[in-house]
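Please consult the sequence and the structure shown below before reading on.

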Amino acid sequence: MVEFLPLFLFAAVCVVLMFGYPVALSLSGTALVFAAGGMAFGVFDMAFLQAFPNRLYGIMTNQTLIAVPLFVLMGVLLEKSKVAETLLDAMALLFGSLRGGLGISVVVVGMLLAASTGIVGATVVTMGLISLPTMLKRGYSPSLATGAICATGTLGQIIPPSIALVLLGDVLSSAYQQAQLNMGIFSPKTVSVGDLFVGAMIPGLMLVGAYIIYMVVVAWLKPEAAPAVSREQIQADRHVQEPLAVILLKGLVPPILLIVAVLGSILTGAATPTEAAGVGAFGAAILAAMQKQLNMKMLGEVVRSTTNVTSMVFLILIGASVFSLVFRGFGGEELIHHWFEQMPGGVVGAMIIVMLVMFLLGFILDFIEITFVVVPIVAPVLMMMGLDPVWLGIMMAINLQTSFLTPPFGFALFYLRGVAPPSVPTSAIYKGVIPFILIQVSMLLALTIWPELATWLPSVVYGE
């Protein structure tokens with residue numbers, strides 16, 4: 001019975017979270033209760049918790065994690081500066097006259113917002129407010145319109161610069177070093193956030209391409225579900241009077257320049273992801289000023305929102321550190337390692353189980369909690385079994401992205417339900433995301449068959 005205490009600890013945390021208690025306090029509080037009980041019965045050594053001050057100091061001095069508040073600041077600035085509205089105007093005028101053109105516009109704008117903000121909730125809500133009314137008014141199928149908005153909103157999980165990839169990269173870096181030390185490699189290789197950014201580019205763009213192909217196929221097979229809209233109708237809907245060239249120049253060029261500045265500085269080696277996040281935040285402030293949205297009131301809202309999100313992330317990380325120390329003290333890592341080694345199918349079976357567990361946990365936990373709690377437990381064992389850390393990180397990121405969409409608990413569905421008009425039934429939202437879930441599962445299968453989709457570009461860029 002004692003050897004299963006780590007599993008009881010994990011199950012207890014899930015139960016406490018389902019009661020609605022704050023994640024960070026649930027992780028640390030449940031772990032400390034188990035630690036106290038374990039000490040009382042002589043099955044837990046409190047010396048494990050003596051490592052907590054070092055863990056806390058490591059979090060405070062972690063250079064990589066500085067990128068989190070900077071990328072959040074960049075995303076919130078762009079959200080408040082109405083860049084998304086100008087972008088949608090430009091894309092709708094460019095593609096709207098085609099069958100499925102408004103849907104294609106939503107996908108392209110969602111991709112650019114993902115590469116600019118990286119915040120799923122903000123992207124889904126913003127696109128729901130500014131594009132869903134227009135699509136419904138012009139005869140689009142509610143399920144197709146809502147499915148496209150939800151799916152493209154989740155691209156912020158995988159398209160760099162993504163906060164999810166920053167957090168995953170930091171956790172995987174520590175797990176990779178731990179795995180190599182466990183194997184007796186005392187000059188370990190490293191994996192960085194930049195590796196994950198570069199590795200995610202091809203799968204991310206392939207997902208965007210697959211979404212667009214799906215929109216085109218639906219528009220071709222069912223023209224009534226995604227009708228063409230004249231440029232005059234779009235201008236009337238969007239209250240746009242300026243010529244297309246001016247709209248494109250104002251809406252498309254600034255965000256693309258910002259994306260190129262951020263990703264380009266990382267790819268060329270001119271800046272680390274943390275430094276590039278600073279470039280992005282500064283560039284977002286310039287874009288907000290160009291849109292005449294930058295003022296003290298807006299800046300105050302942006303700073304408060306950034307502080308709230310950053311505090312939440314770091315408090316969860318501290319809670320997860322307490323949880324992982326107690327989990328390790330009960331022998332959780334050895335138990336997981338033993339289970340994976342005994343599992344039928346070897347590394348393939350272990351990977352399938354991990355992906356399935358992460359997918360199911362995505363129903364009740366946010367990607368931040370899964371990244372800080374689950375990944376440190378399973379990643380070292382999987383990498384000791386020979387899996388590439390970049391490939392593993394991209395697989396996990398797309399898996400968590402898919403859990404955002406899965407009915408009935410997908411977070412993206414809740415975000416859109418909150419801003420969709422009452423005339424759109426919840427069943428239409430659930431029905432609309434199913435094809436996009438299948439596309440993402442197909443992407444996971446493609447990465448399983450061809451791992452080079454994630455590993456080739458980092459090897460070229462970094463010459464590994």
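Which helices do the buried residues of helix 22 pack against? They pack against helix 7 (120-130), helix 8 (132-137), helix 9 and helix 23, where contact means heavy atoms within 4.5 Å. This is a predicted model, in which local features need pLDDT of at least 70 and side-chain atom pairs count only at pLDDT 80 or more, while totals for chains, interfaces and linings use all residues. Residues are numbered from 1 along each chain as its sequence is written, and side-chain values use heavy atoms, with hydrogens and water left out.

**Helix 22**
- Helix 22 spans residues 411-419; helices are DSSP runs (H or I, at least four residues) numbered from the N terminus.
- Its residues Ala412, Leu413 and Leu416 are buried, that is, under 20% relative accessible area with a 1.4 Å probe and protein chains only.
- These residues lie on the same side of helix 22, because they cover an arc of only 100° around the axis; the arc is that of the directions from the helix axis to the C-beta atoms.

**Helix 9 and helix 23**
- Helix 9 (residues 142-153) packs on helix 23 (residues 426-449) at about 60°, with the axes 7 Å apart; axes are lines fitted to C-alpha atoms over the stretch in contact, and angles run from 0 to 180 degrees between N-to-C directions.
- This angle makes helix 9 oblique to helix 23: angles under 35 degrees count as roughly parallel, over 145 as roughly antiparallel, 65 to 115 as roughly perpendicular and the rest as oblique.
- Among the residues in contact are Thr146 and Cys150 of helix 9, and Val433 and Phe436 of helix 23.
- By class, this contact has 8 nonpolar, 4 polar and 1 charged residues; Ala, Val, Leu, Ile, Met, Phe, Trp, Tyr, Cys and Pro count as nonpolar, Asp, Glu, Lys and Arg as charged, and the others, Gly among them, as polar.

**Helix 6 and helix 11**
- The axes of helix 6 (residues 101-116) and helix 11 (residues 193-221) come within 9 Å and cross at roughly 170°, so the two helices are roughly antiparallel.
- Their contact includes Val107 and Met111 of helix 6, and Tyr211 and Met215 of helix 11.
- It has 10 nonpolar, 1 polar and no charged residues.

**Individual buried residues**
- Serine 403, in helix 21 (residues 389-403), counts as buried at 3% relative accessibility.
- Not counting residues up to four places away in sequence, serine 403 touches Phe359, Gly362 and Gly410.
- Alanine 288, in helix 15 (residues 273-290), counts as buried at 0% relative accessibility.

Note on methods
Buried means under 20% relative accessible area, exposed over 50%, partly exposed in between (1.4 Å probe, protein chains only).
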